[in-house]
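Here are some friendly notes to read alongside the structure. Keep the 3D view open and look for each point as you go.

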Amino acid sequence: MATIPGGVKVAGFISPSDTTDEYPVIDPIYGIGGLREVPDIAARDAIPALRRRHGMLVLTQNNLIMWQLNADLLTWRQFSSGAGGGGGGTVNFPFRELTEILIPGISKLPTITVWLEGFDAINFNFNTYLFGAATFNQVQQIVMQETQDYTATFITANNTLRINFNDPQSGEIVYAT
């Protein structure tokens, strides 16, 4: 087990030296649950199980999307505070290693885009390749690419969107509300 550099082992209440001290006393990366920020979805998914708590919020810095951890402590949904707005917009629905996805509670037939993770990322220079529908990480690799290889069904009886893949896939569904 590795020690944490710069850390101070404590067994009680932590506070700054006085009320005017401006230095932080904690780093959320080592906490459990709560609110934290990470570079991207891969870093979000790498948060250790013992540091996860149902309902915790994580901001992915590469796309400025806030995610909330579901009760299974494995899957995430895009966080919505329910404040403001007035209807309309988009929802991002991330998924991992699934062949079927059911998204309930959709009031009308949505417009959807399905993005799949590129597990074999391709290095490239932006001026030498043209990509019409892909997202990229900070080291110029394809992270997710739009796909048309799925079937989508909207079940009007219970307002559920069903997406099916031939093989298990990971990625994100974006749909209009």
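1. Let's start with the order of elements. Along the sequence, this protein follows the pattern β-α-β-β-β-β-β-β-β-β-β. In other words, there are one helix and ten strands. Please keep in mind that this is a predicted model.

2. Next, the overall picture. The protein has 177 residues, and buried ones make up 26% of them. Among contacts with a separation of 6 or more, 47% are between residues 24 or more positions apart.

3. Four strands form it in the order 1-2-3-4, with mixed pairing. Strand 1 (35-38) and strand 4 (76-78) are the edge strands, each pairing on one side only. On average, neighbouring strands of this sheet are turned by 30° against each other, direction ignored.

4. Strand 3 (residues 65-69) and strand 4 run antiparallel and are joined by three bridges. Here you can see Gln-68 standing opposite Arg-77 in strand 4.

5. Just along the chain is a residue worth a stop. Phe-79 sits in the loop between strand 4 and strand 5. Is Phe-79 buried or partly exposed? Phe-79 counts as partly exposed because its relative accessibility is 30%, and buried would mean under 20%. Leaving out residues up to four places away in sequence, Phe-79 touches Leu-57, Met-66, Trp-67 and Gln-68. Leu-69 is ten residues from Phe-79 along the chain, and their C-alpha atoms are separated by 8.9 Å.

6. Which residues touch the most other members of the largest nonpolar core? Of its 13 residues, they are Ile-101, Ile-103, Ile-163, Phe-165 and Ile-173. Strand 5 (90-103), strand 6 (112-117) and strand 10 (160-176) each supply at least two residues of this core. Strand 10 gives the most, with five residues.

7. Not counting residues up to four places away in sequence, Ile-163 touches Thr-99, Glu-100, Ile-101, Ile-112, Tyr-150, Thr-151, Ala-152 and Ile-173.

Methods. Residues are numbered from 1 along each chain as its sequence is written. This is a predicted model: local features need pLDDT of at least 70, side-chain atom pairs count only at pLDDT 80 or more; totals for chains, interfaces and linings use all residues. Side-chain values use heavy atoms; hydrogens and water are left out. A nonpolar core is a set of buried Ala, Val, Leu, Ile, Met, Phe, Trp, Tyr and Cys residues joined through side-chain atoms within 4.5 Å. Buried means under 20% relative accessible area, exposed over 50%, partly exposed in between (1.4 Å probe, protein chains only). Contact means heavy atoms within 4.5 Å. Two strands pair if DSSP finds at least two bridges between them. Axes are lines fitted to C-alpha atoms, for helices over the stretch in contact, and angles run from 0 to 180 degrees between N-to-C directions.
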